[in-house]
Amino acid sequence: MAVLYVNPLRRGAVISRFLYGHFSEHLGRCIYNGFFVGEESTIPNEKGIRQDIVQALRRIRIPVLRWPGGCFADEYHWKDGIGPRETRKRMVNTHWGGVVEDNSFGTHEFMELCRQLGCEPYVNGNLGSGTVQEMSEWVEYMTFGGVSPMADLRRVNGREEPWRLKYFGVGNENWGCGGNMRPEYYADLYRRYATYVRSYGENKVFKIACGPNADDYEWTEKVMQSAGRFMDGLTLHYYTVPGESWEAKGSALDFSREEYYATLKKALRMEELVENHLRIMRRYDPEGRVGLIVDEWGNWYDVEPGTNPGFLFQQNTMRDALTAAVTLNIFNRHAGGVVMANLAQTVNVLQALVLTEGEDMVLTPTYHVFDLYKEHQDAALLESYVEAGEAGAGPWRVPALHQSASMDGEGRIHITVANLSAEEAQEIRLRVPGREKAEASLRLLAGEMGSYNSFSSPCAVCPREEALERDAQSLRFRLPPCSVAAVELR
């Protein structure tokens with residue numbers, strides 16, 4: 001029997017709700033025919049924004065949404081997306097599928113989406129192909145309440161009061177699709193552009209610099225060395241690719257047990273990356289003022305057969321639920337350094353929470369993991385550890401169990417634990433000193449490693465309530481193979 005131990009007397013950093021953030025890019029059907037269907041659609045909407053998606057994301061307390069990219073951000077010119085929709089410029093989305101972007105979803109629509117979701121907007125500016133003036137004027141347009149050309153233009157377009165905008169990214173993946181820059185060159189550009197990203201009135205902008213791809217430690221070193229004192233956050237991008245190369249990433253549905261464990265092993269690498277990049281950052285920022293922001297993460301497979309390869313549509317199984325669970329546990333454990341994270345992406349793209357097909361919508365196993373984990377938001381991390389063996393074989397062996405725990409402001413303890421084994425159940429004895437008589441409940445998400453929700457079977461994988469057993473010193477419960485559980489002690 002495995003032992004899971006939680007110490008309620010050893011509290012750590014607050015687990016920011018922004019670790020449970022999301023990402024929406026002008027890519028495939030994430031925005032158009034995803035979030036945004038237009039006012040004329042027969043699908044229930046408010047100001048063109050699809051309401052079943054809004055309601056689903058509000059249920060998991062979505063804290064922040066990043067937009068407009070991604071690679072799209074560094075070819076997006078914001079003035080093309082304001083004013084009457086019928087007069088907005090059309091462009092070709094060269095990064096994602098070569099489709100025509102009509103700019104009907106722009107700044108006003110995004111801010112309205114965030115209002116409906118009740119979340120903070122995170123806007124990514126165009127450093128790759130844009131100008132300093134363009135970026136500066138966008139921030140002025142969104143946040144300045146006085147008299148100025150950009151504030152007056154916003155009023156002409158129907159918005160009298162400025163929006164509140166805290167998070168602003170100065171470029172995206174500038175080591176790649178955002179300009180193929182060297183870190184020294186990007187650092188100098190960042191310093192220049194960020195100078196003109198101004199805070200107006202009471203709106204204080206949290207300036208976010210483009211950080212590394214995966215284990216590019218040289219990028220972190222050189223950008224922090226030159227520009228660290230001018231930023232509030234530094235990004236990290238890491239995608240879990242189970243295949244041997246980006247050209248052969250592997251199937252989302254047709255995978256072997258070895259590929260299952262390889263995916264988990266690679267997802268667990270997030271802990272190494274977070275620790276190493278934070279270590280470098282602290283050399284130049286010993287007070288820990290600059291936070292690490294993992295604003296693109298998730299599983300990336302080959303697209304589903306018969307779909308546009310530029311739309312990055314993939315199905316979502318219990319394998320994805322397990323990788324989401326261990327990644328969120330890792331973020332919880334490093335809440336003192338990681339201040340935001342954004343899963344890629346919210347709707348119909350990569351490791352999506354929501355899939356749509358016409359009027360139908362389905363919630364993925366990954367969505368349900370975010371639902372199980374939402375009680376960690378803004379709770380204090382608790383010391384925890386688990387005594388269990390390993391699962392898998394050969395180079396792809398992983399811990400059999402993976403966990404994190406927190407205490408919220410009302411004193412309730414929340415424990416999330418994943419059984420990574422695809423073959424063996426785990427009998428667990430949970431020990432929480434001082435809480436032996438606490439009222440307890442458990443929600444469980446379980447299925448075969450390839451189980452998924454489809455439009456014909458939308459709840460093949462859904463959480464269910466499970467009973468716990470109790471003795472004088474502990475609680476006991478069973479985790480089936482390939483499962484995620486959330487325990488609450490009240």
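In this tour, an angle under 35 degrees counts as roughly parallel, over 145 as roughly antiparallel, 65 to 115 as roughly perpendicular, and the rest as oblique. This is a predicted model, in which local features need pLDDT of at least 70, side-chain atom pairs count only at pLDDT 80 or more, and totals for chains, interfaces and linings use all residues. Residues are numbered from 1 along each chain as its sequence is written, and side-chain values use heavy atoms, with hydrogens and water left out.

**Helices H1 and H2**

Select residues 51-59, helix H1, and residues 107-117, helix H2. Helices (H or I, at least four residues) and strands (E, at least two) are DSSP runs, numbered from the N terminus. H1 and H2 pack at an angle of about 50°, and their axes are 9 Å apart; the pair is therefore oblique. Axes here are lines fitted to C-alpha atoms, for helices over the stretch in contact, and angles run from 0 to 180 degrees between N-to-C directions. On the H1 side, display Gln51, Val54, Leu57 and Arg58, which meet Leu113, Arg115, Gln116 and Leu117 of H2; contact means heavy atoms within 4.5 Å. By class, this contact of H1 with H2 has four nonpolar, two polar and two charged residues. Ala, Val, Leu, Ile, Met, Phe, Trp, Tyr, Cys and Pro count as nonpolar, Asp, Glu, Lys and Arg as charged, and the others, Gly among them, as polar.

**Helices H3 and H4**

Next, select H3 (residues 132-143) and H4 (residues 149-156), whose axes lie 8 Å apart at an angle of about 55°. That angle makes H3 oblique to H4. The crossing of H3 and H4 is right-handed: a crossing is left-handed if the near helix is turned anticlockwise from the far one by less than a right angle, and right-handed if clockwise. Glu137, Glu140, Tyr141 and Met142 of H3 meet Pro149, Met150, Ala151, Leu153 and Arg154 of H4. The contact of H3 with H4 has six nonpolar, no polar and three charged residues.

**Helices H8 and H9**

Move to residues 318-333 (H8) and 365-373 (H9), where the helix axes come within 8 Å and cross at roughly 35°. The crossing of H8 and H9 is right-handed. From H8, the contact includes Met318, Asp320, Ala321 and Leu328, while H9 contributes Pro365, Thr366, Val369, Phe370 and Tyr373. The residues of the contact of H8 with H9 divide into nine nonpolar, three polar and one charged.

**Backbone features**

Where is the cis peptide bond with omega of about 5°? Select tryptophan 67 and proline 68, which this bond joins. Proline 68 lies in the loop between strand E5 (64-67) and strand E6 (91-92). A cis peptide bond also joins glycine 69 and glycine 70, with omega of about 15°, and glycine 70 is in the loop between E5 and E6. Then select asparagine 103, which has a positive phi of about 60° although it is not a glycine; asparagine 103 is in the loop between strand E7 (100-101) and H2.

**Serine 384**

Centre the view on serine 384, in strand E16 (residues 379-387). Not counting residues up to four places away in sequence, serine 384 touches Tyr5, Val6, Gln403, Ser404 and Ala405.

**The whole chain**

Finally, zoom out to the protein, whose secondary structure comes to nine helices and 26 strands. The C-alpha atoms fill a box of roughly 70 × 50 × 45 Å along the principal axes.
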